[in-house]
Structures are given as structure tokens and as C-alpha cells.
Amino acid sequence: MPTAPFDQADLDRVAQALTALPQVQHARVASDLTPDGEPRLTAHVTPAEQPAAEREPEVEQRRVDEWQRIYEWVYGELPASGGFGDNFVGWNSSYSNLPIPLDEMREWRDASVERILAHRPRRILEIGVGTGLLMANLAGHCEQYTATDFSSTVIASLTAQLATVPELADRVELLAREANDFTDLPEDHYDLVVINSVIQYFPNAAYLAEVITGALRRVRPGGAVFAGDLRNLRLLPSFRTAVLGRGLLAHRDPAEALAAVRQSSQDERELLIDPDFFAAVRRDCPQAGALDVRLKRAEHHNELSRHRYDAVLYRSPAPALDLDGAEQVEFSGFEDLRKRLTEDRPELVRVASVPNLMVRHETAAAQLLADLAPLAEVLHELEPATATGADPEEFHRLAAELGYRAAVSWAASGAPDEIDVVLARDSDPDAAVPYRPSGALDLPYTAYGNNPARNAAAAALVTTLRGKLAAVLPPHLVPAAIILD
């Protein structure tokens with residue numbers, strides 16, 4: 001690369017090479033300096049064809065196929081981390097890229113198992129069975145367990161493992177198929193459809209809506225679809241800020257660091273879903289009844305407990321608490337809440353907009369960065385010890401002590417670092433705690449999620465453009481970055 005800055009003729013030459021390509025409608029090229037003071041080129045490109053607004057079947061299928069290849073490799077080549085029902089292979093922390101500690105993974109799995117068993121299902125359909133983390137702990141409680149996965153390697157491995165557990169083999173059926181394939185699966189039959197920790201690999205929110213509505217038709221009236229371990233779209237900027245962490249210092253100034261976080265968010269390869277998405281599906285689905293959305297329960301603070309949640313969409317009819325009759329309590333600390341519950345013994349209490357201790361440091365750091373604060377301040381705020389607020393698990397402990405049950409959900413305020421809490425006494429334990437959406441629900445499904453399928457297609461286009469430029473330009477004129485506008 002030359003040490004002298006690029007001149008206008010260089011910029012024009014690269015822009016002309018780009019606009020000559022059939023994939024490009026418009027291009028502009030700019031030069032700046034790297035942190036080491038070397039000149040570099042950045043190309044901003046408008047693709048020739050704008051993607052469709054809602055569904056792109058070919059793009060979606062390419063994304064599904066990509067994840068399928070990854071999972072065939074993970075489950076076929078990597079050594080298992082444990083036995084049947086305890087194999088957490090591939091579960092690495094996004095913060096450190098190291099395996100999440102086994103005790104934290106078991107806590108995460110056990111919380112899901114407990115939540116599912118609370119429905120007392122006799123017939124379960126699980127979509128995306130993976131290594132059988134849930135199936136191994138649920139099938140023994142059922143009379144029928146049907147499990148699907150798009151990885152034939154997974155199905156073959158689980159079939160071999162089940163052959164050694166005859167008490168489960170007779171009640172489990174394994175099927176290799178994609179998530180939206182409900183061929184020959186009976187309608188009005190299952191007590192519960194479980195879609196746990198696989199939704200992040202779906203291509204977009206419209207595809208997820210197709211799966212949810214298909215699943216809802218397979219459950220009996222009063223049954224439910226359990227969509228578990230979802231990543232919350234509202235927390236994506238703060239999550240990407242935390243993941244990049246000290247790597248932000250590699251940038252010259254806060255504006256560059258903010259641009260890196262935003263680019264990282266745009267490039268997110270997994271599907272994140274705003275909780276309001278499920279309320280939108282409920283709006284459009286005639287069979288849908290109550291919607292119950294809750295944060296993952298955990299003592300450990302990690303990315304699984306900070307950013308993920310479960311959504312249970314019931315098929316009507318199903319009992320639900322009447323939150324309009326709940327006493328509204330402002331949270332001023334656990335001692336005041338304890339006193340209120342002990343002395344007044346209200347039947348139903350709703351505590352709204354409670355600061356969420358688990359994510360407050362990350363959202364505060366992301367806000368500082370958005371305000372272009374000095375990077376040292378951003379990194380200081382990222383330390384968990386700086387966070388203030390309430391630990392969601394503390395509401396569960398208080399409720400158990402005082403004879404209540406607690407339900408902790410994302411706040412109806414829409415603030416990513418706030419939660420709403422419902423405390424119920426002497427109520428039907430099977431009754432759903434209705435989720436209150438933060439918006440008017442007048443948006444298409446794709447507005448409630450990012451679009452990994454489109455991101456993957458964009459990444460492929462950038463690779464194609466870079467290769468074509470390399471064939472007609474000298475190496476130093478191939479842009480360091482190609483950004484799709």
C-alpha cells in the first residue's frame with residue numbers, strides 16, 4: 001500500500017470499476033487513514049437490485065443450508081462434551097469465545113426443563129432437538145415425544161443413543177427435516193410444541209412466524225407453543241458493545257468505535273426477536289390465546305441469562321391472569337416490596353419498569369458510546385460492578401419466601417434495560433401471565449427482528465465485488481472496506 005494519500009483519480013478509478021459491475025447501481029469511494037497513519041479506501045455501494053420487503057425464499061433457503069452445513073460439522077466432527085442429555089458441544093461465550101462453564105450450561109438447561117414440565121405435557125413435538133439436551137430430560141415424563149432436526153447427523157446420533165435407553169426408545173420418534181416442514185404431523189394433537197434454542201438460526205422473522213403458526217395448529221386447544229432461549233433484539237447494540245469490549249480501543253476515536261459496533265450489529269448472523277413479535281403473531285392467528293413472555297431464570301450472570309427469554313403462546317382457550325385488576329406498585333427496593341407483600345397480602349401485584357441489574361452496565365456503556373463519550377468511560381461502564389438495579393432472580397426468591405409466584409418479563413415501556421414483574425398469590429398455577437407489548441403491533445413481522453438471511457446475502461455480495469475488483473485493479477486500489485448502503 002502506498003504511504004501517500006490516494007488522489008481523486010484513484011477514487012474515480014475504483015468507483016468506475018464498481019459501477020461497471022452488473023451487481024452495482026451506484027458507488028462512491030473515499031479515503032482516510034488507518035490508526036497507523038496509512039491511507040486506505042472505503043467504498044459505499046448501492047446494489048443494483050433492492051431485496052424484497054418480506055419473503056425471499058431462495059435467500060432464506062441458502063441461510064438454512066448454511067446453518068445445516070455448520071451443524072453437520074459441529075455434531076459430526078467435534079468431540080461431545082458429555083453424555084446423552086449433557087452434551088453442550090459448541091456452546092462458547094460470545095464475550096470470551098471460551099466454553100461456557102458446565103454448571104452454568106446445566107443451570108440454563110434445567111431452567112428450560114422445569115418451565116416445560118410445569119405444563120405437564122403428555123405429548124411433545126420438539127423442533128430442533130440438537131444433541132437431545134431437553135429430550136433426554138423430558139421424554140421420560142411423556143407418553144409420546146416427536147423430535148425433528150435439520151441435521152441428519154444429529155438424528156443418526158440420537159437414534160443410536162436411544163437404542164441404549166429402551167424405556168425412552170419406545171416413546172420417541174426422530175425425524176430429519178427443516179423447522180417449517182410439518183408434513184404428516186397431526187393437527188390438534190400435541191400438548192406442547194417446543195422450539196428451544198434454534199430460533200436464532202432461522203433466516204428471518206417471517207420464517208419464524210410460519211413455524212409458530214404451523215406449530216400452533218399442531219397443539220390441541222389449551223396446549224401451547226414454547227419458543228425458548230430467544231435473543232432479544234432490543235439488546236443488540238448493548239450486546240455488541242459488550243462483545244467488542246476492549247477491542248474498541250483499537251479505534252482512533254469514539255466515532256470509529258461506534259461505527260464498528262453498528263457494523264457489527266448489522267452483520268449479526270443470528271436471528272434476534274423483539275418480544276412484541278409474538279404479540280403480532282397472536283394478533284394474526286385465529287387459534288392463538290394468551291401470550292406469556294418471561295426472562296430466562298438463572299443465578300449466574302452470562303449472555304444466556306442477560307439477553308435471552310422464553311415466549312409461550314397458548315392455543316385458545318387457556319386460562320390467564322387478569323392484570324387489569326392487579327395493584328400497581330412502584331419499585332423502591334426489595335425491603336419496601338417485602339413489607340408491602342407481608343403486611344397487605346395483595347392477591348396480584350404488578351411492578352413496572354424495574355431497572356434490570358443484569359444488563360444495566362451494557363446498556364449504559366452503549367448509550368455512552370452513542371453519545372460519543374471517551375472510550376475510557378465506555379469501558380469503565382462495561383464493568384458489571386458499575387451496574388445498579390434489581391437482579392430478576394431476587395423477585396423469584398422473595399415470592400417463594402412469601403407464598404407468591406413471580407413472573408418477570410421485558411418492560412412494556414420498551415426500555416431494553418427495564419423489566420416488569422407480576423407477583424400472584426393463591427392464583428391458578430396454570431394461568432398464563434399475559435405479556436404487555438410496548439408498541440401498537442402495526443408492523444410486518446420482519447420489523448420485529450434483524451435479517452440474518454439478508455446479511456448473509458450481503459456478505460456474499462461483498463465477497464463477489466472484492467473478487468471482481470481484484471481482477472481489474474492493482475492490489476492497493478482494492479478497498480479495505482466495501483459497505484452496502
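Me: Why is Arg109 called buried in this predicted model?
Reply: Arg109 has a relative accessible area of 9%. Buried means under 20%. Therefore Arg109 counts as buried.

Me: What makes Asp110 partly exposed?
Reply: Asp110 has 39% relative accessibility.

Me: Why is the contact between Asp110 and Arg109 called a salt bridge?
Reply: Their side chains are 3.1 Å apart, N to O. The cut-off is within 4 Å, from an Arg nitrogen to an Asp carboxyl oxygen. So the pair qualifies.

Me: How do you know that Arg120 forms a salt bridge with Asp430?
Reply: The closest N and O atoms are 2.8 Å apart. Arg120 lies in the loop between α3 and β3, and Asp430 in the loop between β13 and α16, so the pair ties together parts 310 residues apart in sequence.

Me: Why is Arg120 called exposed?
Reply: Arg120 has 57% relative accessibility. Asp430, at 33%, is partly exposed.

Me: What makes Arg234 and Asp274 a salt bridge?
Reply: Their closest N and O atoms are 3.0 Å apart. The limit is 4 Å, so the pair counts. Arg234 sits in the loop between β7 and α8, and Asp274 in the loop between α9 and α10, so parts 40 residues apart in sequence are tied together. Both residues are buried.

Me: How many salt bridges does this rule give?
Reply: The count is 37.

Conventions: Residues numbered from 1 in each chain as written. Predicted model: local features only at pLDDT ≥ 70, side-chain atom pairs only at ≥ 80, totals over all residues. Heavy atoms only, no water. Buried < 20%, exposed > 50% of the residue type's maximum accessible area, 1.4 Å probe, protein only. Helix = DSSP H or I, 4+ residues; strand = E, 2+ residues; numbered from the N terminus.
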